[in-house]
Amino acid sequence: MKKLSITALAAALTLAASPVLAEEKQSLAFVVNAASDFWKLAEAGVKAAQAELPDFDLQFRYPAQGTAALQNALMDDLVAAGTDAIMISSVDPKNSVDAFNKIAGQVPLFTTDSDAPQSKRIAYLGSSNTKAGIQAGEIAVKALPKGGKCMGFVGFLGADNAKERIDGFRQAVDGKGIELVDVRGDDVDFARARSNVDDVLAANPEIDCMVGFYSYNPPKIYEALQAAGKLGAITVIAFDEDPITLGAVREGSFAGTVVQDPYQWGYQGMKLMAAYVKGDKSQVPADGLIIVPTQVIDKANVDAFEKQLKERIGG
């Protein structure tokens, strides 16, 4: 009887302690829009924040596929599992307002990379995609002093980050003899991203400029141009810091690339949410926008930039 009593007492103490232990660590989640190497830097930022936030459990989550439905289902699962705050890069902000408002009614919701300003999200932390688009346009203006015809390539045509980059690019090249003829979407299907470029090369010989608006688009442009023997013959303006993109900038095959700072999205985003759930709302500005500056990378600064990247991801 004595042995049973001790066992029962131990079990009772374990059950009693479990909720207390579970409450000691609050959970924060960073949800991305699709699987891509671009997000490795954001994940590194989240890991850096974790080292400074031992009282929190920080999660970095990919949806099964890059669709709004699966993003929203993932957020529902996170809330059901007890997640205390979520930061998300929205695939389709315009059509996700109701889903986002549902989540925002349960836990603090923040956005990054692609905003959903019509929703009840608390704040957006990320780039000004319009300014990034303008920077890309300025690269084009410098590289094409006699003008040119550009074709753009992007993942989600309906995402705010895509639309704002495209609008910014058009704003910068307006009146400079440079035309963005069209933008082809691929829904983050890498094979389709490559075939889009191949199709343009075959059907649009007048195109002498290409713009890759998402991180994986420039490498696909590079592959297609290399296969067609047209590297250097077509001016390429890129976004983000894929190794192929940086190599192309270094060798002069690309005019330049506009880089964001996803590392800081992950790092600052987790610190922001941690403060918020602890009751400190002072870091949220009145307009709900926390802008992390973008940067133009060209042959002059690509080596220094790549060194910083390697240090951040531990490579």
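Colleague: What joins strand E1 (residues 26–31) to E2, and why is that called pairing?

Modeller: 6 bridges join them, and they run parallel. Two strands pair if DSSP finds at least two bridges between them, so 6 is enough. Strands here are DSSP runs of E with at least two residues, helices are runs of H or I with at least four, and both are numbered from the N terminus. Within that pair, Phe30 stands opposite Phe60 in E2.

Mind the ground rules: this is a predicted model, where local features need pLDDT of at least 70 and side-chain atom pairs count only at pLDDT 80 or more, while totals for chains, interfaces and linings use all residues. Residues are numbered from 1 along each chain as its sequence is written, and side-chain values use heavy atoms, with hydrogens and water left out.

Colleague: What makes E2 and E11 the edges of the sheet?

Modeller: The order is E2-E1-E3-E4-E5-E11, 6 strands in an open, parallel sheet. Strand E2 (56–61) and strand E11 (289–291) each have a single partner strand, so one side of each is left without a neighbour in the sheet. On average, neighbouring strands are turned by 20 degrees against each other, direction ignored.

Colleague: How do you know that H2 lies across E1 and E2, and which way does H2 run relative to E2?

Modeller: H2 runs at about 175 degrees to E2. Contact means heavy atoms within 4.5 Å.

Colleague: Why is one space called a cavity and another a pocket?

Modeller: On a 1 Å grid over the protein atoms alone, a cavity is a set of points where a 1.4 Å probe fits but cannot get out, whereas a pocket is an open set with protein on both sides within 12 Å along at least five of seven lines. By this rule there is 1 cavity of 30 Å³ or more. The largest cavity holds about 150 Å³, and the largest pocket about 430 Å³. Each volume is the space filled by probe spheres set on the points, which are joined across faces, edges and corners.

Colleague: What makes a residue part of a lining, and which lie nearest the pocket's centre?

Modeller: An atom within 4 Å of a point. For the largest pocket that gives 20 residues, with Asp37, Phe38, Glu241, Asp242 and Pro243 nearest its centre. The largest cavity has 15, the closest to its centre being Asn33, Phe38, Trp39, Tyr214 and Ser215.

Note on methods. Axes fitted to C-alpha atoms, helices over the stretch in contact; angles between N-to-C directions.
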